[in-house]
Amino acid sequence: MNWRNWKSGTPSGACLRNEALLEDYLEGALTPKAHWDLEAHLSNCGPCAAALENARAGTDLVRRLTTPVADPGDVFTRRVMARVRDEESKIEEQQTWWHPLETLAMRLAVSSALAVALLVSAAAWRSNQAQAVSTSAQSFAVDRLLPDSAPELAAGSDTLMGAIAENHDK
Amino acid sequence: MLAAASPKAQAAGEETQIVRRAQRGDTEAYEELVRRHQRRIFAVASGILRQREEAEDVAQQVLLKAYISLPRFDLRSAFSTWLYKITVNECWDHLRRRKSRPQVLQSELSEDQARKVEALAGDGGFTDPAERALQGDLVEGLLAQLTEQDRRILVLKEVEGLSVREVGDILNLNVNTVKVRLFRARAHLMQFRVRAGRSKTKRGKE
């Protein structure tokens, strides 16, 4: 709380920045110390005292002018509840209309997911098959292209390995 | 030994039970809530809209909206605070839809109305039933001097007797802002009253 303005007792418009405190004062919501300080200030500050008086009179005026509103009664309650029940039946109706559609949508979604899974598996299987065929075709081509040199190459390789071993032993 | 709950806390607990039943779709429980709160909702709507028929329509709309939104109400605030919030928002929407809200400016109040406000403020109110019937028009003229928000604050605080904190919760305003606006709204009303008094004196001289 900014008490500087209050305690200075200066009758200045700046005090009115503390309107919230005046509201608390009207409501009896200030602590005893704050209440006493504010009363001391009010006795020296014309603008604050006038503002407080205005607020008090304003409350009084509003309360006097406003007739307490009577309960709108059973007819009103019945109208509200009729609208509530209408709304309930609309919601139920919507649910009964939507439910088959929701089931259908769910079934379609599951079927689509299964179809996609099947397609992916089929594609993967086909790709594996193609790879296997290509590998055997390559082996076949090598066999066909080098049918006689293969045993010689194998013998040559054995001779070379034997020479290396001998060299190593020496 | 456990201290017995205060009557207020007991009532709040009882209301929470009713709200929970209504949230589970028990329309009888909701009807009980409607009966408990319809007067105050209607009073707040009347205070803001200042027209009985419109206030009744809006109050019905509020209670229907509250029923639809009830499953989403998390019980963190009081049910009444939640309802007031819906009421104030609905009134605000209604005023916006109404667009060209007929503004009763000070200069548009008749001399007669001004005289009656002055009389009412000065000597304790009308006694004549015919004059009392005009009270609604005068309240309308007086409250129309305020901004929408000040009127809402004043109605909730002074007419409905809510605390500053409750008003702040309902209008999503800081407590200090509510206090300041309330204070200023009353001051505006009093300025109007003074002007009404001046116009009465002027009329007397003529």
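This is a guided tour of a predicted model with a chain A and a chain B, going from one selection to the next.

Before selecting anything, note that residues are numbered from 1 along each chain as its sequence is written, and that chains are lettered from A and ligands numbered from 1 in the order in which they are written. Because the model is predicted, local features need pLDDT of at least 70 and side-chain atom pairs count only at pLDDT 80 or more, while totals for chains, interfaces and linings use all residues.

**Stop 1: chain A, coloured by confidence**

The mean for chain A is 78, and 75% of its residues reach 70 or more. Where pLDDT is low, the predicted coordinates should not be read in detail.

**Stop 2: two helices of chain A**

Select H2(A) and H4(A), whose axes come within 11 Å and cross at roughly 50°; the axes are lines fitted to C-alpha atoms, for helices over the stretch in contact, and the angles run from 0 to 180 degrees between N-to-C directions. The two helices, H2(A) and H4(A), are therefore oblique to each other, given that angles under 35 degrees count as roughly parallel, over 145 as roughly antiparallel, 65 to 115 as roughly perpendicular and the rest as oblique. On the H2(A) side, the contact is made by Leu22(A), Tyr25(A) and Leu26(A), and on the H4(A) side by Cys48(A), Ala51(A), Leu52(A), Ala55(A) and Arg56(A). These residues of the contact of H2(A) with H4(A) divide into seven nonpolar, no polar and one charged; Ala, Val, Leu, Ile, Met, Phe, Trp, Tyr, Cys and Pro count as nonpolar, Asp, Glu, Lys and Arg as charged, and the others, Gly among them, as polar.

**Stop 3: where the chains meet**

Show both chains together, and look for the 30 residues of chain A that are in contact with 37 residues of chain B. On the side of chain A that touches chain B, at least two residues each come from helix H2 (19–27), helix H4 (46–65) and helix H5 (73–145) of chain A. The largest share of that side, eleven residues, is supplied by H4(A). By class, the side of chain A that touches chain B has 14 nonpolar, six polar and ten charged residues.

**Stop 4: chain B and its H1 and H2**

Next, pick out helix H1 (residues 7–23) and H2 of chain B, which pack at an angle of about 135° with their axes 7 Å apart. H1(B) and H2(B) are therefore oblique to each other. In this pair, Ile18(B), Val19(B), Arg21(B) and Ala22(B) of H1(B) meet Ala29(B), Tyr30(B), Glu32(B) and Leu33(B) of H2(B). The contact of H1(B) with H2(B) has six nonpolar, no polar and two charged residues.

**Stop 5**

Is Ala45(B) buried or exposed? Ala45(B) is buried, because 28 other C-beta atoms lie within 10 Å; a residue is buried if 20 or more other C-beta atoms, placed from the backbone, lie within 10 Å of its own, exposed if 12 or fewer, and partly exposed in between. Not counting residues up to four places away in sequence, Ala45(B) touches Ala55(B), Val58(B), Ala59(B), Thr87(B) and Cys91(B).

Move to Leu75(B), in the loop between helix H3 (52–69) and helix H4 (79–98) of chain B. Leu75(B) has a positive phi of about 65° although it is not a glycine, and with 12 C-beta neighbours inside 10 Å, Leu75(B) counts as exposed.

Finally, select Asn172(B), in the loop between H9 and helix H10 (175–205) of chain B. Asn172(B), which is not a glycine either, has a positive phi of about 55°, and it counts as exposed, with 10 C-beta neighbours inside 10 Å.

How values were computed. Contact = placed C-beta atoms within 7 Å. Helix = DSSP H or I, 4+ residues; strand = E, 2+ residues; numbered from the N terminus. pLDDT = per-residue confidence, 0-100.
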